[in-house]
Amino acid sequence: MLDVRTLRTELDAVKAGLARRRIDVSDLDRAAELDARQRAALSEAERLRAEVKRLSGEVGRARKQGDAATAERLAADSRALGEQQATRDAEASALAAELRDVMLQIPNLPADDAPDGAGPEENVVLRTVGGDRTWADHQRVPHWEIGEQLGILDPERATRMSGSMFNMYRGAGARLLRALVQLSLDRAADAWEEVRPPSVVRTDTMISTGHLPKFADDAYQVERDELWLIPTAEVPLTSMHAGEVLDEAELPRRYAAYTPCFRREAGSAGRDTRGLLRSHEFDKVELMAFATPAAAPAVHADIVARAEGILADLGLAYRVLDLCTGDLGFGNRRTFDLEAYAPGCDQWLEVSSVSWYGDFQARRSNTRYRPAEGKGTEFLHTLNGSVLGWPRVWAALVETHRRPDGRIDVPEVLRPYLGGAETLP
RNA sequence: GGAGGGGUGGCGGAGUGGACGAUCGCACCGCUCUUGAAAAGCGGCGGGGCGCAAGCCCCCGCGGGUUCGAAUCCCGCCCCCUCCGCCA
């Protein structure tokens, strides 16, 4: 969430920044007003509280000196003030709760250099690699057909056991998926610690990343146990150091995690129902880092480079998008999306989203660091990006590398993970 | 799931209603001494909020409550440990 203090000193600038998202910014006025009322109530409560403490001390002293009458009189005064204080306190905490509710619903400010725009159409294509390639007829077959022909995908049975938008990979298809996951974890291992976090988390953990309270409908909830299925490994990883204060010397902290991701896809019923384009459960490898503000841009660039490197080495055509302010995710200041081209279904598929959050998430999860120079603590910056969302890569890959005989050529980098196989199945 | 024990500053560990945000030790930082280091001595040494400041307030796992006054008493929750049960 945003720092409330910025609403006191630079409300207009914050409004202008948020307006670039093309959203209604009236919540900010409400937040600023709640903040002012909250602080007024709190300082009055604190003043009364100090007086109660002072009087209580005197009660003790009077009693020690055996002056029961004075003690009783002071205790009565203190009691009266205490009642006033309780009222002001209750008022202050009700206002604080209300303020927090409002603040949790307010998205992050876009970075200054994020391109302006109203929606996805205005995202900026930074570069396209392999976009001028020509595609043969045998590559113009959608992956769901390829999956059926080769027996490597079994959506019917998956649907029977779990409902629509669930998938099942079989035989060489399942092995291919596992190979992709391993390839990407291995390629991150030089600088990113591999982690296998829980796939199910508490409500607080979901709030830290910004997935709750605003986007509850998008997530699966295990109500009986007050738990949520993670929509991405970003959720547990971002809470990795919740409540901790890290030393600047141990930064950046970088983590890589492979997890299943669960999404209800509430807003997209009926869209992309065929094949692997959109699923309630999918596998992804996520890179997530905690960095100082100064180091954040370099980490951001590193994640993009790593995601891009994998796409390039898998021989896929892809492009890199700089998301415009109108398409930026709730907590993001700047995001680069990577899209792989799938020739069979003739679509650019989002396979990675690499985001810088500033201190938006760290403020929610209370994750700080102690600067090497100077006093006190500062909130960290968080960054994360997929390397990559595997079902869509799987789709682009089998379409791109489909041979005239219908089998799939295995890109060289993947062969070590598939027993040296040059083709599948 | 049942029974019992426990959560205090970076660590260890006091504190069971009255000046305690907290004795003490270790670690750490500064200074003195020393060629340097060690030792010794002196001083410092958690986080957060409000305030121009002086200062005030909050935090002893978390949230409530009792009280003039709570680290201390009561209630709920979370986590850890031991034993029992169940279990891949």
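**An open mixed sheet and its packed helices**

In this predicted model, eight strands form an open sheet with mixed pairing, in the order S1-S9-S10-S11-S14-S8-S7-S2, where strands are DSSP runs (E, at least two residues) numbered from the N terminus and two strands count as paired if DSSP finds at least two bridges between them. Strand S1 (124–129) and strand S2 (193–195) are the edge strands, each of which pairs on one side only, and the twist averages 25° from one strand to the next. Axes are lines fitted to C-alpha atoms, for helices over the stretch in contact, and angles run from 0 to 180 degrees between N-to-C directions.

Strand S8 (residues 281–291) pairs with strand S14 (residues 381–389) in the antiparallel sense over seven bridges, and Phe290 has Thr382 of S14 as its bridge partner. Helices (DSSP runs of H or I, at least four residues) pack on this sheet through contacts (heavy atoms within 4.5 Å): helix H10 (residues 296–313) touches S1, S8, S9, S10, S11 and S14, and its direction makes about 0° with that of S14. Helix H12 (residues 390–400) touches S8, S10, S11 and S14, with a direction at about 35° to that of S14.

S10 and S11 are antiparallel and paired over nine bridges, with Glu339 opposite Glu350 in S11; their hairpin has four residues between the strands, and Asp346 takes a positive phi near 50° there. S11 and S14 also run antiparallel, joined by two bridges, and the bridge partner of Trp356 is Leu383 in S14.

Residues are numbered from 1 along each chain as its sequence is written, and chains are lettered from A and ligands numbered from 1 in the order in which they are written. Local features need pLDDT of at least 70, side-chain atom pairs count only at pLDDT 80 or more, and totals for chains, interfaces and linings use all residues, while side-chain values use heavy atoms, with hydrogens and water left out.
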